[in-house]
Amino acid sequence: MLDLTNELYNKIKSAVLKLYPNALVEKKYQATTTTFPYVTIADLDNTETSHNLSYGERQSQASWKIDIYANHSTGEIVVKKIRDAIVPIMEDQYHLKRITAKPVDNVLDTTIYRYMLIYQCKIDESRKIIYS
């Protein structure tokens, strides 16, 4: 299985920290964070879609969810700047297909602005090629 999560995480973290050096970028959501902006990237799925009879030439479909959080009156502006730094990584560098890009109500604390991105791609495991 070709796992891109660490590679995506490192590129996203670098881009976010260039904009906001004190931001927190993690792979796991913590409901009680006090550091903002806060970005998480998580695997959603990695499903095998096909293989030949000898279990070679495997293909899969992988997806990731990225949540961006910021607080105070500038939360929306901060979140959108971070989003605009992440999109070129996911779309221009990795050619992933954007499934969702939208603000989401943050039910735990409505003073925090939250934006969600979901990306997916098809992966040829044996040739290590990404298709959108």
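User: What order do the elements run in, from the N terminus on?
Analyst: In this predicted model, the order is α-β-β-β-α-β-β-β. That comes to two helices and six strands.

User: What box do the C-alpha atoms fill?
Analyst: Roughly 55 × 30 × 20 Å, taken along the principal axes.

User: And how much of the protein is buried?
Analyst: Buried residues account for 39% of the 132 residues.

User: Which residues touch the most other members of the largest nonpolar core?
Analyst: Ile12, Val39, Ile66 and Ile86, in a core of 31 residues. At least two core residues come from each of α1 (5-19), β2 (38-50), β3 (59-71), α2 (75-93) and β5.

User: Which element gives the most to this core?
Analyst: α2, with eight residues.

User: What does Ile86 touch?
Analyst: Leaving out residues up to four places away in sequence, Ile86 touches Ile12, Val16, Val39, Ile66, Ile68 and Leu117.

User: Switching to the surface. Which residues form a nonpolar patch there?
Analyst: Tyr29, Val107 and Leu108, which together have about 350 Å² of accessible area.

User: Where does Val107 lie, and is it buried or exposed?
Analyst: Val107 sits in the loop between β4 (97-104) and β5 (112-124). Val107 counts as exposed because its relative accessible area is 73%, and the cut-off for exposed is over 50%.

User: What tends to happen to nonpolar side chains in general?
Analyst: In soluble globular proteins they tend to be buried together.

How values were computed:
Residues are numbered from 1 along each chain as its sequence is written. This is a predicted model: local features need pLDDT of at least 70, side-chain atom pairs count only at pLDDT 80 or more; totals for chains, interfaces and linings use all residues. Side-chain values use heavy atoms; hydrogens and water are left out. Patches are made of residues with over 30% relative accessible area and no salt bridge: like charges are joined within 9 Å, nonpolar side chains (Val, Leu, Ile, Met, Phe, Trp, Tyr) within 5 Å. Accessible areas come from the Shrake-Rupley method with a 1.4 Å probe; for residues, only the protein chains shown count as cover. A salt bridge is a side-chain nitrogen of Lys or Arg within 4 Å of a carboxyl oxygen of Asp or Glu. Helices (H or I, at least four residues) and strands (E, at least two) are DSSP runs, numbered from the N terminus. Buried means under 20% relative accessible area, exposed over 50%, partly exposed in between (1.4 Å probe, protein chains only). A nonpolar core is a set of buried Ala, Val, Leu, Ile, Met, Phe, Trp, Tyr and Cys residues joined through side-chain atoms within 4.5 Å. Contact means heavy atoms within 4.5 Å.
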